[in-house]
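Thanks for coming, everyone. I'll walk you through one structure today, going from the overall build to a few local details. Have a look at the screen.

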Amino acid sequence: VTVTTRLLVSHLSGIRHYEKDITKVREEKEKANRALKLTKTCQDKEQKEKEGKGTEKTDSGKPKKDHEGEVKRQNSKPGRRGKEFEQEEYYLKEKFESVIESLKIFKNDPLFFKPGDQFLYSTYGFTLLSAVVERVSGQKFTDYMMKMFRDLDMLSTVVDDNEAMIYNRARCYVYNKKGRLVNAPYVDNSYKWAGGGFLSSVGDLLKFGNALLYSYQAGQFKKTNDKLLPGYLKPGTVAMMWTPVPKTEVSWDRDGKYAMAWAVVEKKQQCGFCRPQRHYASHTGGAVGASSVLLILPEELDSEAVDTGLVAPPRGVIVTIICNMQSVSLNSTALKIAREFDKERRAQ
């Protein structure tokens, strides 16, 4: 078989994630698919009942069932979602001197499927991707990335090296089996720098998001191109990165597909006065004792404003959240925040 960098960056390579047993992975996928079908069936049934009988409302104006479900979700304990963090390899303590050396963890394991056939989110796929960067560039992957972060003025973004003295490094927390808050266990992330080995700040992630959004939109401002500096990436490169790839899926947004290292929701509205989808790109992060999200909601640019040069990129809303708590779902919160800011901008 052939594993390309495009397959790696879209999680279609067949390389395993933390779970080594393919049977368990298939069982979990089947459960998720059944749950999704059941949810959709229930939603369709509720919609028909509402159309026939009307809807019982709460004081807040929300349907009663939806309101009760939301209260239940709000009162549920954080840090209890799924079993992913039960995998032993999350808690590796071995230090690797290079990403190429860390390939020994999975290099002799069989592929779960033929590359390109199925989607399976794989941190180790990105470990292999970083090894490609290391070999091609002739530099350590971490050195290569640090130069890029300096170019982007992300001066607070560093490698999560346990031995280094890192100013303002936060402590991380998890819930134990009794539901009590405790310090996160010691881990060494040198086996997965590309998939979860950097520390950053919300300010730096906003710079990163703005750099990408600027690059994405710069090509649309044709009348002002001679006045604009080029983006860090070519517009076509970002557009390619944000183009959904067939056979992919996204766990944190059912409307989305995976693209190239980003989850993407495309602009879509099937019927008039039905729920519209706005185009946005996002990615969540989950590590031992920490959770994060970066979401980019590009502005739907008016062609007249663009042609006359009345506006300049980047145009849109960027939201990032970082918390030192494990297993916190942040994408829906980030999307709500982005939509509120977008609504406020439109009202002005």
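This is a predicted model: local features need pLDDT of at least 70, side-chain atom pairs count only at pLDDT 80 or more; totals for chains, interfaces and linings use all residues.

D153 sits in the loop between α6 (141-151) and β1 (158-159). Its phi is positive, about 65°, although D153 is not a glycine. Why flag that? Because most residues other than glycine have a negative phi. Is D153 buried, exposed or something in between? D153 has a relative accessible area of 38%, so it counts as partly exposed.

Now the overall picture. The chain has 11 helices and nine strands. It has 348 residues, and 36% of them are buried. What about contacts along the sequence? Take the contacts in the chain with a separation of 6 or more: residues 24 or more positions apart account for 65% of them.

Next, the sheet. Strands of a sheet pair through backbone hydrogen bonds, either parallel or antiparallel. Here we have an open sheet of five strands, and the pairing is antiparallel. Read the order across as β5-β6-β7-β8-β9. Which strands stand at the edges? They are β5 and β9. Each has a single partner strand, so one side of each is left without a neighbour in the sheet.

Let's zoom in on β8, residues 290-298. On one side, β8 runs antiparallel to β9, and eight bridges join the two. If you want landmarks, P298 stands opposite G316 in β9. L295 has V319 of β9 as its bridge partner.

How enclosed is β8? Seven of its nine residues are buried, so the rest of the structure largely encloses this strand.

On to the aromatics. A search of the whole structure finds 12 aromatic pairs. I'll show you two. The pair of F119 and Y258 is tilted, with 5.6 Å centre to centre and 45° between the planes. F119 lies in the loop between α4 and α5, while Y258 belongs to strand β5, so this pair ties together parts that are 139 residues apart in sequence. F119 and Y258 are both buried.

The second pair is Y124 with Y191. This one is tilted as well: 6.3 Å centre to centre, 50° between the planes. Y124 is in helix α5, and Y191 is in the loop between β3 (181-183) and α7 (193-196). The two are 67 residues apart, so the pair links distant parts of the chain. Y124 has 0% relative accessibility and is buried. Y191, at 1%, is buried too. Both tyrosines belong to one aromatic cluster, made by Y18, F85, Y90, Y91, F106, Y124 and Y191.

V1, V3 and L111 make a nonpolar patch of about 260 Å². L111 comes from the loop between α4 (99-102) and α5 (123-137). At 36% relative accessibility, L111 is partly exposed.

A261 has a positive phi of about 70°, and A261 is not a glycine either. Find A261 in the loop between β5 (257-258) and β6 (263-265). A261 has 24% relative accessibility, so it counts as partly exposed.

And where is the cis peptide bond? It joins P313 and P314, with omega about 0°. P314 is in the loop between α10 (303-308) and β9 (316-323). Worth a mention, because most peptide bonds are trans.

That's the tour. Questions, please.

Notes: Residues are numbered from 1 along each chain as its sequence is written. Side-chain values use heavy atoms; hydrogens and water are left out. Patches are made of residues with over 30% relative accessible area and no salt bridge: like charges are joined within 9 Å, nonpolar side chains (Val, Leu, Ile, Met, Phe, Trp, Tyr) within 5 Å. Accessible areas come from the Shrake-Rupley method with a 1.4 Å probe; for residues, only the protein chains shown count as cover. A salt bridge is a side-chain nitrogen of Lys or Arg within 4 Å of a carboxyl oxygen of Asp or Glu. Helices (H or I, at least four residues) and strands (E, at least two) are DSSP runs, numbered from the N terminus. Buried means under 20% relative accessible area, exposed over 50%, partly exposed in between (1.4 Å probe, protein chains only). Rings of Phe, Tyr and Trp (its six-membered ring) pair if their centres lie within 6.5 Å; planes under 30 degrees apart count as stacked, over 60 as edge-to-face and the rest as tilted. Contact means heavy atoms within 4.5 Å. Two strands pair if DSSP finds at least two bridges between them.
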